[in-house]
Amino acid sequence: MGIILKGLTWDHPRGYAPLLGGIPEYQANHPEITIQWDRRTLREFGEAPIEQYLDRYDLLIVDHPFVGFAAAHDALVDLAPFINEAQKLHFAADSLGPSWQSYWYGGGLWALPLDAATQVASYRPDLLRALSPAVPDTLDDVLHLGEKARSAGKYIVVPACPTDAISLFFTLSANLGYPIAEESERFVDDSVASEVLDRLRALIRLSHPRSLEWNPIQVYDFMIGGSEAVYCPYGFGYSNYSRVGNPVRLKFTNAPAAGARGCAGTMLGGTGVAVSKLSSHPSEATAYAKWLTRPEHQRGLYFRGGGQPASLTAWTDSSVDAMADGFFSGTLETLQTAYLRPRFDGFVRFFEAAGIEINRRLRGEGTDALLIRLLNDRYASQRVAARQIA
């Protein structure tokens, strides 16, 4: 009887289509193995505890903030022993920004980088041309565009639902030169938080009224589905929306500068492929994970199937870039200089709760002082809890 490897990914074509599309090729070369992939929602992918899936799946597509939990609770297979030194050097050289680094934690490697993303800018070229001769370079340019768009009956738009609200907070903090560090005992200084919140409020004030409800997928669907939204300054990039052949395409470009660091500091996203510690077939699952992350597969079948590679080789492939209408070359600098958020055990719980509170504040509820105190208190308590577990 053959081996069945079951995997769990996220429910968007970028998350599942390239995995399903690669199954026939892998099974043709490994006839003793059958691959199956299930899906979970985007929210579950970002926030649901991974331990609830460990006894049902061999492979999990995960976000890197979960590696702190994995290291503390022995939830995932440490892949470091399965990767020789030459392969480690290759992964590091082929990494986009801190993607490879993001899955290392506590001396272990808890996933292999499969998909790379960060917050970048996007726009409708046909609509932007009527308002501006150039794409905004700075956040001040964005605000100016927002005012012009309003006057013309259009909008800028930014994903700022709770998950994206906290992501924006991290991005602006880092872009302004005050990145929140893994080892920091205090989440954010009062003055930095006040500046970030002021800038976010200015952005939200000029953005589409539903920005505070929407994630990037909802924003991009709105942008291509009508003619109201001209530009989005910060949203996790999706090459699916820029591909040649789409009846309406978005153009993606580097994020605007809030401070003096250009596009540097937008919060790293993307996914990695991990192996459950409860898998009955860890060696076979790891071999499949390594196959999925090979540059040849990433720039070939994986990309053509709708995937967004984590391989620098794929991102700098001119044919891949052309098929995505310049998505990869247009956002590469932002990816290469992305900010890696904390990953300690308990950070995901903080991230979820903080996003809700920041979103509430952007809706006009509460005060800055109360929010900043709450964020610092919760961050400190999660840091203490993480040290006690360690």
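The model is predicted. Strand β11 (residues 271–275) is largely enclosed by the rest of the structure, because five of its five residues are buried, and the structure also holds 29 aromatic pairs.

**Strand β11 and its partners**
- From β11, T271, V273 and V275 point one way while G272 and A274 point the other way, and all of these residues are buried.
- Strand β3 (residues 59–62) runs antiparallel to β11 and is joined to it by four bridges, with L60 having A274 as its bridge partner.
- Strand β6 (residues 112–115) also pairs with β11 in the antiparallel sense, over three bridges, and here P113 stands opposite G272.

**Helix α16**
- The end C-alpha atoms of helix α16 (residues 347–362) are 22 Å apart, which agrees with the 22 Å that its 16 residues should span at 1.5 Å a residue.
- Among the buried residues of α16 are F347, F350, F351, E357 and R361, and R341 lies over the face of F351, at 5.2 Å from the ring centre.
- G364, which follows α16, has a positive phi near 100°.

**Aromatic contacts**
- F91 and W100 form a stacked pair, at 4.7 Å centre to centre and with 5° between the planes, and both residues are buried.
- Y288 and W291 are likewise stacked, at 6.2 Å centre to centre with 15° between the planes; both lie in helix α11 (residues 282–292), three residues apart, about one turn of the helix, and both are buried.
- Ring pairs link a cluster that includes W10, Y220, Y238 and W315, and the charged end of R14 sits over the ring of Y238, 4.3 Å from its centre.

How values were computed:
Residues are numbered from 1 along each chain as its sequence is written. This is a predicted model: local features need pLDDT of at least 70, side-chain atom pairs count only at pLDDT 80 or more; totals for chains, interfaces and linings use all residues. Side-chain values use heavy atoms; hydrogens and water are left out. Buried means under 20% relative accessible area, exposed over 50%, partly exposed in between (1.4 Å probe, protein chains only). Helices (H or I, at least four residues) and strands (E, at least two) are DSSP runs, numbered from the N terminus. Two strands pair if DSSP finds at least two bridges between them. The expected span of a helix is 1.5 Å times one less than its number of residues. Rings of Phe, Tyr and Trp (its six-membered ring) pair if their centres lie within 6.5 Å; planes under 30 degrees apart count as stacked, over 60 as edge-to-face and the rest as tilted. A charge sits over a ring if NZ of Lys or CZ of Arg is within 6 Å of the ring centre and within 35 degrees of the ring normal.
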